[in-house]
Amino acid sequence: MSETNMAPRDFASAVPACPDELHDECGVFGVWAPSADVARLTYFGLRALQHRGQESTGIAVGDGSTVLIRKDLGLVEQVFSEADLAALQGKVALGHVRYGTSGGKDWEGAQPHLSAIDDVIIALAHNGTLVNTDDIRNELIERNIGFRSTTDTEVAAKLIGYYTQKTHRLRDGIAKTMALIRGAYAMALIRENALYAFRDPNGIRPLVLGELSGARGWVVASETCALEMVGARYVRDVNPGEIIRISDSGLKTMQALPPAVPASCIFEQVYFARPDSVVNGRSVFATRFAMGERLAEEAPASADIVVGVPDSGLPGAEGFASEAGLAVKTGLIKNRYVARTFIQPDQDLRELGVKLKLSALSDVLAGQRVVLVDDSIVRGTTMGQIVKLCREAGAVEVHVRINSPEVTWPCFYGIDTATQDQLISANMSIEGIREVIGADSLAFLSVGGLIAACPRCPGHCAACFTGEYPVAIPPTFSEGSFLEGYEPKALSRRSASLQMSLEDIARIVAEKEGVA
Ligand code: SF4
């Protein structure tokens, strides 16, 4: 179905009152360094990853005989005091920042998730979403395994425990779990004396490996900016389907599952990752700049200045201006102390929420024809107000340029777009959106332009732009997510593994040695 053929409808009244931003599910940081203050390193690593989740955070430490943990709702600097860090002494640590998309947003949902396997305590941290945990949870409950939360992370932790009890080796428990779970996962796990890191076979969510200076130890993190923060050098990505184990015996690796079609999330490049992180050998800033250059080639505008919406629209604005030969100006100022738009059902109060986050500079914008560049339009709830701010500051024309294609499809791999009816581009033509936001013109980067602007990599997931989903989604998971007339590509029916028992899966995996 071509969305440009659709008649505009009253989308604004249909969307829930929520911010016009996607949220990543989480950030993960793990460190094995017996001679270092691992809790403090983790604290700093999590500070660098705070943009990936602001609802809750936690640090677990393995001290050689057990695992200690502190976790709570709030930001990293709110949750951890000096005394907390001093109490978390050990040789290996694991940290997590969370924006919950699976399960509750309460204390039990905060990570790392602590779990006992006989007398061994493990802590598990997860970035991503598992799409087949309902069936697995039910099977585990039938085996008298209880659950404290509703998260997919607890299902993975309990499944690892279940298989580890049968195989008596944690890495085998992880491998057998990887053979059963489906979806996007970049996970790290500690026990009292070792750190593990593993990633789904498509490599959808990021996970990098670094080494601390002076060969003092190893770090795994969701982004390279966290390695930078603790003085670790980037070594390589954790490979899709790989398990890395770091302990007193050194770093060991095993390919638990054969790599599947490579599908790293391209939205990391558009919005989620920090601009100073490096992905596939190039900074995210440079990639967003290149997207802006392409956008200017594809959708030029007659204008006087280019203004980026802070922060994630700024690199694209610079790229656009460079290609178009226009000046890039700071026309919008962000209030850094407002974390999220206040969500109010009342339109006046919603506008007030945007004004709390952004203000427009009339001495820059007055009398100008402005190209306004932002990273994406998701629900379309704030762009109209930003255009209005620019006009109130005196802009005579506002041409909106979006540094990514139209977000038309929901994500099932760790991002909080649950249903297509929340996405303005799935509901309206570009002309309809232009009218709603009150812009003089509106254009999006093409999918081809986006992919061409990204550094070479084995393969991307771009499903939220194309509807081509790299991992099969069970109908029960995607039920109600699509609007009538939309046919996602590559969504499978119930996958074969979901029809097997845990014992069947374990037997098949055991038969493929190299896994056990
Ligand atoms: S659907 Fe979009 S946001 Fe989700 S993993 Fe794929 S590219 Fe990323």
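A residue is called buried here when its relative accessible area is under 20%, exposed when it is over 50%, and partly exposed in between, as judged with a 1.4 Å probe and the protein chains only. The model is a predicted one, in which local features need pLDDT of at least 70 and side-chain atom pairs count only at pLDDT 80 or more, while totals for chains, interfaces and linings use all residues. Residues are numbered from 1 along each chain as its sequence is written, and side-chain values use heavy atoms, with hydrogens and water left out.

By that definition, buried residues make up 58% of the 516 residues in the protein chain. The chain exposes about 19600 Å², of which carbon and sulfur atoms supply 51%, the accessible areas coming from the Shrake-Rupley method with a 1.4 Å probe and, for residues, only the protein chains shown counting as cover. The protein chain contains 20 helices and 24 strands, where helices (H or I, at least four residues) and strands (E, at least two) are DSSP runs numbered from the N terminus. Among contacts with a separation of 6 or more, 70% are between residues 24 or more positions apart, a contact meaning heavy atoms within 4.5 Å.

In the loop between E17 and H11 lies Asp 311, which is joined to Pro 310 by a cis peptide bond with omega about -5°.

Asn 280, with a positive phi of about 50°, lies in the loop between strand E15 (278-279) and strand E16 (282-283), and at 34% relative accessibility it counts as partly exposed.

Glu 242, found in strand E12 (residues 242-247), counts as buried because its relative accessibility is 2%. Its side chain is joined to that of Thr 253 by a polar contact of 2.3 Å, a term that covers a pair of N or O atoms within 3.5 Å, of which, within protein, one must be able to donate a hydrogen and the other to accept it, residues adjacent in sequence counting only if both atoms are side-chain atoms. Leaving aside residues up to four places away in sequence, Glu 242 touches several others, including Met 178, Phe 198, Arg 199, Arg 236 and Gln 255.

Side chains of opposite charge can pair when their charged atoms come close. A search of the whole structure finds 19 salt bridges, each defined as a side-chain nitrogen of Lys or Arg within 4 Å of a carboxyl oxygen of Asp or Glu. In one of them Asp 172 pairs with Arg 169, the closest N and O atoms being 3.1 Å apart; Asp 172 is buried, with a relative accessible area of 6%, whereas Arg 169 is partly exposed at 36%. Arg 191 and Glu 192 meet in another salt bridge, at 3.2 Å from N to O, and both of these residues are buried.

The side chains of Arg 391 and Asp 440 form a salt bridge of 2.9 Å, N to O. Arg 391 lies in helix H14 (residues 383-392) and Asp 440 in the loop between helix H16 (430-437) and strand E23 (441-444), so the pair ties together parts that are 49 residues apart in sequence. Arg 391 is partly exposed at 30% relative accessibility, and Asp 440 is partly exposed with a relative accessible area of 37%. Elsewhere, salt bridges that share partners join Arg 52, Arg 205, Glu 223 and Glu 268 into one network.

Arg 205 is also one of the residues around the ligand, among them Ile 204, Cys 265, Phe 267, Cys 411, Tyr 413, Cys 461 and Cys 464, a residue being near a molecule or strand if one of its heavy atoms lies within 4 Å of it. The shell divides into 11 nonpolar residues, no polar ones and one charged, with Ala, Val, Leu, Ile, Met, Phe, Trp, Tyr, Cys and Pro counted as nonpolar, Asp, Glu, Lys and Arg as charged, and the others, Gly among them, as polar.
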